[in-house]
Amino acid sequence: MTKNKNETHSPDLQTALKAVRAAGAIVREGFYSSVNITIKSDQSLVTEYDHRAEQALIDILGAETHFSILSEETGSQEKKGDHLWIMDPIDGTSNFSRGLGICTVSLALFDKDGARIGVIGDPLRHDMYYAERGAGAFCNDQPIHVSDIDDARKSLIILECGHPPRDRQLMSRVWRRLAHFDVRQLGSTAYELCTVACGKTDAFICAGDQIWDYAAGMLIVTEAGGRFCNWNGEPWQESNPHIYASNSYIDDLILPNIQDLQQ
């Protein structure tokens with residue numbers, strides 16, 4: 001008898017999927033409602049639905065696991081061993097608050113060896129992207145893979161940046177240097193990394209994002225056969241805010257253009 005895909009998920013992945021679905025339902029509710037917007041100290045936006053989605057994640061993770069939690073909105077909870085949940089209840093709050101339909105729920109589980117589970121829910125499209133270390137990447141239980149595009153004329157590149165002016169100014173320089181590529185900015189790092197993982201885009205370049213923005217997407221991209229590194233092509237380190245993800249086929253066309261901009 002062939003097992004249902006859900007039966008092969010680890011207990012922690014099942015919990016992560018359950019939590020992201022619950023938070024996604026709240027995001028859908030908020031998207032079709034009026035929202036109150038608050039500006040945080042870092043000039044990013046937050047709404048009551050960010051907090052409600054966060055609480056839904058925390059409630060399920062707290063009830064079913066005993067791991068520490070790091071969230072964009074409430075920060076870090078008490079350290080409990082080597083496992084850490086990293087969450088962004090709504091990645092793309094600006095889009096969400098203005099009725100632009102690109103926003104996601106992002107959840108990752110890290111252990112002493114790095115990212116172990118990554119789940120990104122796209123609640124408005126009812127898509128669920130996920131990966132577990134060593135087991136491949138999936139969308140709605142179907143395997144996904146990065147593209148094989150290796151031609152700048154055919155490629156599609158995503159650029160993203162944090163809120164501080166220095167990051168925006170730096171990315172404007174990157175944009176000018178990559179003017180010969182077809183470039184996009186969609187407003188949700190988690191969603192943008194999913195587009196790389198499933199081959200809809202070919203590379204993602206960012207400066208200034210926080211770990212909760214890309215923790216889940218990092219694993220999903222690499223399990224889909226892609227690459228995740230800094231602008232020098234060196235392995236990812238949390239202390240380096242210069243992020244590069246790709247299908248690996250166009251790296252020689254992109255990285256030499258931006259390596260010297262990595263600060």
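Start with the cysteines: the structure has zero disulfides, a disulfide being a pair of cysteine sulfur atoms within 2.5 Å. Select Cys161, which is in no disulfide; its nearest cysteine sulfur belongs to Cys206, 6.8 Å away. That 6.8 Å is too far for a bond, which is why Cys206 has none with Cys161. Cys161 is buried at 19% relative accessibility, and Cys206 is buried at 0% (buried means under 20% relative accessible area, exposed over 50%, partly exposed in between, with a 1.4 Å probe and protein chains only).

A word on what you're viewing: this is a predicted model, where local features need pLDDT of at least 70, side-chain atom pairs count only at pLDDT 80 or more, and totals for chains, interfaces and linings use all residues. Residues are numbered from 1 along each chain as its sequence is written, and side-chain values use heavy atoms, leaving out hydrogens and water.

Now for the rings. The whole structure holds eight aromatic pairs (rings of Phe, Tyr and Trp, the last by its six-membered ring, with centres within 6.5 Å; planes under 30 degrees apart are stacked, over 60 edge-to-face, the rest tilted). Select Phe31 and Tyr32: they pair edge-to-face, 5.1 Å centre to centre with 90 degrees between the planes. Phe31 is buried at 16%, while Tyr32 is exposed at 63%.

Next, pick Phe110 and Trp236, an edge-to-face pair at 6.3 Å and 70 degrees. Phe110 sits in strand 6 (residues 104-111) and Trp236 in the loop between strand 14 (227-229) and strand 15 (242-246), so the pair ties together parts 126 residues apart in sequence. Strands here are DSSP runs (E, at least two residues), numbered from the N terminus.

Key
Helices (H or I, at least four residues) and strands (E, at least two) are DSSP runs, numbered from the N terminus.
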